[in-house]
Amino acid sequence: MHCIFCGKELDEKAVFCPACGLRQSEDTGDEWYYVKDGIKYGPCSLESMKREIAEERIGREDFVWKEGMKEWIPAKQTCLIKYLNVIAPNIPVEAISNKYAWTLATVPIFVSWIIEAITGLELIAVITAVILNTYFASRDAKTLKKSGKDAEAWGWLGFFLVPIYLLIRSAKIDKKYGYVIAWCIMAFIDICM
């Protein structure tokens, strides 16, 4: 048996932990504190802590403390571990929305054509395309992050190197290259015009 607060190995009949001195029960009246991004939060009831964990505001490595504990320790070393272990897996790749990837592949070029046709100024069309690329790439990266896929290492490519971004996205996410092909076709048409 391990201490439900600090994780120290205990005798099976231990009522108190010799390391942290806490009683081996989840006294729900206790007030918890936690640290997230260098900011202390609390006091929180055990129910509040469960809610914070469920909403992923407290992770396994975030430090927690409650009265009677010697020091702040990672949540995974406390009785909170049983709530931290109930983490939903990432959503399936098929459920990830590709709407921003398709928008990124088509809209900036269409808008570029329209603006250039209206104003006759290629510079304004290019600036508009970069702004739209930035917007749709950031929206796509946020969608991927919410889906449990991290695009942080290569997401910046969507701002300036859209086809590379879309190619990496396809390879890492869903192996569907339709939006990459669409971007290439539209870029080819744009160059030929």
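Reader: What should I know about the model before reading it?

Author: The model is predicted: local features need pLDDT of at least 70, side-chain atom pairs count only at pLDDT 80 or more, and totals for chains, interfaces and linings use all residues. Residues are numbered from 1 along each chain as its sequence is written, and side-chain values use heavy atoms, with hydrogens and water left out.

Reader: How is a pocket defined, and how much space lies in the largest pocket?

Author: On a 1 Å grid over the protein atoms alone, a pocket is an open set of points where a 1.4 Å probe fits, with protein on both sides within 12 Å along at least five of seven lines; lining residues have an atom within 4 Å of a point. Here the largest pocket holds about 510 Å³. It is lined by 23 residues, and I109, S112, V126, A129 and D190 are the closest to its centre.

Reader: Which element gives the largest share of the lining?

Author: Helices are DSSP runs (H or I, at least four residues), numbered from the N terminus. The largest share, seven residues, is from α3.

Reader: Which residues of α3 are buried?

Author: Buried means under 20% relative accessible area with a 1.4 Å probe, protein chains only. In α3 the buried residues include I109, S112 and W113. The buried residues of α3 pack against α4, α5, α6 and α7, where contact means heavy atoms within 4.5 Å.

Reader: Where does α3 bend?

Author: A bend is the angle between axes fitted to the seven residues ending at a residue and the seven starting there. α3 bends by about 30° at T106, and the proline P108 follows within four residues.

Notes. Grid points are joined across faces, edges and corners, and a volume is the space filled by probe spheres set on the points. Helices (H or I, at least four residues) and strands (E, at least two) are DSSP runs, numbered from the N terminus. Buried means under 20% relative accessible area, exposed over 50%, partly exposed in between (1.4 Å probe, protein chains only).
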